[in-house]
Amino acid sequence: MASDGARKQFWKRSNSKVPGSIQHVYGAQHPPFDPLLHGTLHKATPQAPATPLKAKRLSTFQEFESSTSDAWDAGEDGDELLAVAAESLDTEVAMETARRVLRNHSQRQERRQLQEVSAPGQKPQPLAEPAPVPSGDLRLVKSVSESHAPCPAESASDPVPLQRSQSLPHPATGALDGTSDPSTLSSSALSEREASRLHKFRQLIAGPNTDLEELRKLSWSGLPQAVAPVGWEFLSGYLPANVDRRPATLQRKQKEYFTFIERYYDSRNDEVHQDTYRQIRIDIPRMSPEALLLQPSVTEIFERILFIWAIRHPASGYVQGINDLVTPFFVVFVCEHIEEDDADAADVSRVPADALRSVEADTYWCVSRLLDGIQDNYTFAQPGIQMKVRMLEELVSRIDEHVHRHLEQHEVRYLQFAFRWMNNLLTRELPPRCAVRLWDTYQAEPEGFSRFHLYVCAAFLVRWRKEILEERDFQELLLFLQNLPTAHWGDEDVSLLLAEAYRLKFAFADAPSHYKK
């Protein structure tokens, strides 16, 4: 590991002037591809020549792959990487948790191998569950031990269904004589575990004064859908911890919001506001999920929320990308009042009018809380986003130099694909259900939407490093980064992404002051 002085010198180079107001501003879509037009948005370091020099290559891709380290593989270097993080933090709990995760993965791999070699019709004897994780830093336990990385034997073309590691102890639910189906045992244990977590959430929320720090620890690995609405209200700082203050606070904030509607919404067609309102109406139909947002009542709600926020925040006003930040809050809050499991296609017209008014007001205030922490992303010239893209570039150059140089050699600039990641907080890169799961952790993590988000974006590149390195054409490489294959992702995939981001956060804890608490 480099010395402290070397680290300071390294990050000193990142203190270049943040691009100013004269830079080009882009909306929610990707910026143009012209590297000459937007060269001033990047640090003035010598760029790789258009025809890069041929480097010494290995004879086969398999040799190249075997000579590189993939943070998503649970190989022999897993403990070494985590030891790097522990060296700077001295966190025994993190090390113990990491070793337990790797041991759990090995046991699951052995179980799969037993299933493959067992005789037809014969079911292998299930392995004993690992011992429960010792008490300690619950944040470490939740973020690392409840997700796992794929084993090296798993092929990218033949994905193996992932199962979450069980961090909470549970009794055996079937016979251990080899006659029970392991998949049945796993499903039953998972259901029992989820019921236990739900009970913990409800106990915590029902208390006279909710412990918000404990709520964040529980929420890091995801909130059960039954408590997600009230959980998000707590985590966003909208709902007070004291149970006696909650009804009055909700009533007052809802009344305040609809007072804004009565006072300002009729001015949407005035000359001073008509351009803002027109842009909002153009952007909403482009959002997803279309089946939900194109319902007239939902469209009107989004128009009111975005317009009121824009005129009450003249420093930024409405900017493309803010509209996408409304969707996760609305989806979570409306789920409380619908029967369908899939809120993306729910018929909102069947929700009672009073309940829908509450959903609208709660969504507005929670979005406002979120934007208060990242408003520089949407002020003139969007300096916050430009700075975060540059910070991501610096971070990736340290995490995976091969990927960083591959992008440089093919003249792919980070602004061309990461702008949207910062602007929309990955809501367009993931299915709506996965975006909600991601935001569970963002709200539980300190500075999740600003600081931790950078590590998640870096983990995205680590996750797809093999595919990125295989692309040898500028256009194909950029199209891949702009359209990552996440359409069929589920909660497990998001959990793996978050686990990798959490590892990167500690492995590179000597980041500049922007990353510090």
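Predicted model: local features only at pLDDT ≥ 70, side-chain atom pairs only at ≥ 80, totals over all residues.
Where is Glu 411 found? Glu 411 sits in the loop between α16 (401–409) and α17.

## Overall make-up and confidence

The secondary structure of the protein chain consists of 22 helices and 0 strands. The chain has 517 residues, and 49% of them count as buried. Among contacts with a separation of 6 or more, 76% are between residues 24 or more positions apart.

The mean pLDDT of the protein chain is 75, with 61% of the residues at 70 or more. In residues 5–59, where pLDDT is under 50, the model has 84 contacts beyond four places in sequence. In residues 119–185, also with pLDDT under 50, the model has 140 such contacts beyond four places in sequence.

## Helix α17 and what surrounds it

Helix α17 covers residues 415–424. Of its 10 residues, 10 are buried, so α17 is largely enclosed by the rest of the structure. The buried residues are Leu 415, Gln 416, Phe 417, Ala 418, Phe 419, Arg 420, Trp 421, Met 422, Asn 423 and Asn 424. They pack against α13, α15, α16, α19 (448–463) and α21.

With a relative accessible area of 0%, Ala 418 is buried, because the cut-off for buried is under 20%. Leaving aside residues up to four places away in sequence, Ala 418 touches Val 389 and Leu 392. The C-alpha atom of Ala 418 is also 9.1 Å from that of Lys 388, a residue 30 places away along the chain.

## The pairing of α17 with α21

How do the axes of α17 and α21 cross? The axes of α17 and helix α21 (residues 474–482) come within 9 Å and cross at roughly 5 degrees. Angles under 35 degrees count as roughly parallel, and α17 and α21 are therefore roughly parallel to each other. On the α17 side the contact is made by Gln 416, Phe 417, Arg 420 and Trp 421, and on the α21 side by Phe 474, Leu 478, Leu 481 and Gln 482. By class, the residues of this contact divide into 5 nonpolar, 2 polar and 1 charged.

The spacing of such residues can be read against the geometry of a helix. An α-helix has 3.6 residues a turn, so residues three or four places apart point the same way.

## Helix α13

Helix α13 (residues 322–334) is one of the elements against which the buried residues of α17 pack. Of the 13 residues of α13, 13 are buried, so this helix too is largely enclosed by the rest of the structure. At 1.5 Å a residue, the 13 residues of α13 should span 18 Å, and the end C-alpha atoms are 19 Å apart, which agrees.

Glu 339 is found in the loop between α13 and α14. At 79% relative accessibility, Glu 339 counts as exposed. The C-alpha atoms of Glu 339 and Arg 350, 11 residues apart in sequence, are 10.0 Å apart in space.

## Backbone exceptions

Most residues other than glycine have a negative phi, and most peptide bonds are trans. Several places in this chain depart from that pattern.

Gln 382 has a phi near 45 degrees, a positive value in a residue other than glycine. Gln 382 lies in the loop between α14 (353–373) and α15 (383–399), and is buried, with a relative accessible area of 1%. Glu 411 also has a positive phi, about 60 degrees, although it is not a glycine. Glu 411 is partly exposed, with a relative accessible area of 34%. Just after α17, Leu 425 takes a positive phi of about 55 degrees.

The peptide bond joining Ser 288 and Pro 289 is cis, with omega about 0 degrees. Pro 289 lies in the loop between α10 (274–283) and α11 (290–293).

## A residue of helix α6

Glu 194 is found in helix α6 (residues 182–206). Is Glu 194 buried, partly exposed or exposed? At 26% relative accessibility, Glu 194 counts as partly exposed. The C-alpha atoms of Glu 194 and Leu 223, 29 residues apart along the chain, are separated by 9.9 Å.

Note on methods. Residues numbered from 1 in each chain as written. Heavy atoms only, no water. pLDDT = per-residue confidence, 0-100. Contact = heavy atoms within 4.5 Å. Axes fitted to C-alpha atoms, helices over the stretch in contact; angles between N-to-C directions. Helix = DSSP H or I, 4+ residues; strand = E, 2+ residues; numbered from the N terminus. Parallel < 35°, antiparallel > 145°, perpendicular 65-115°, else oblique. Nonpolar A, V, L, I, M, F, W, Y, C, P; charged D, E, K, R; others polar. Buried < 20%, exposed > 50% of the residue type's maximum accessible area, 1.4 Å probe, protein only. Expected span 1.5 Å × (residues − 1).
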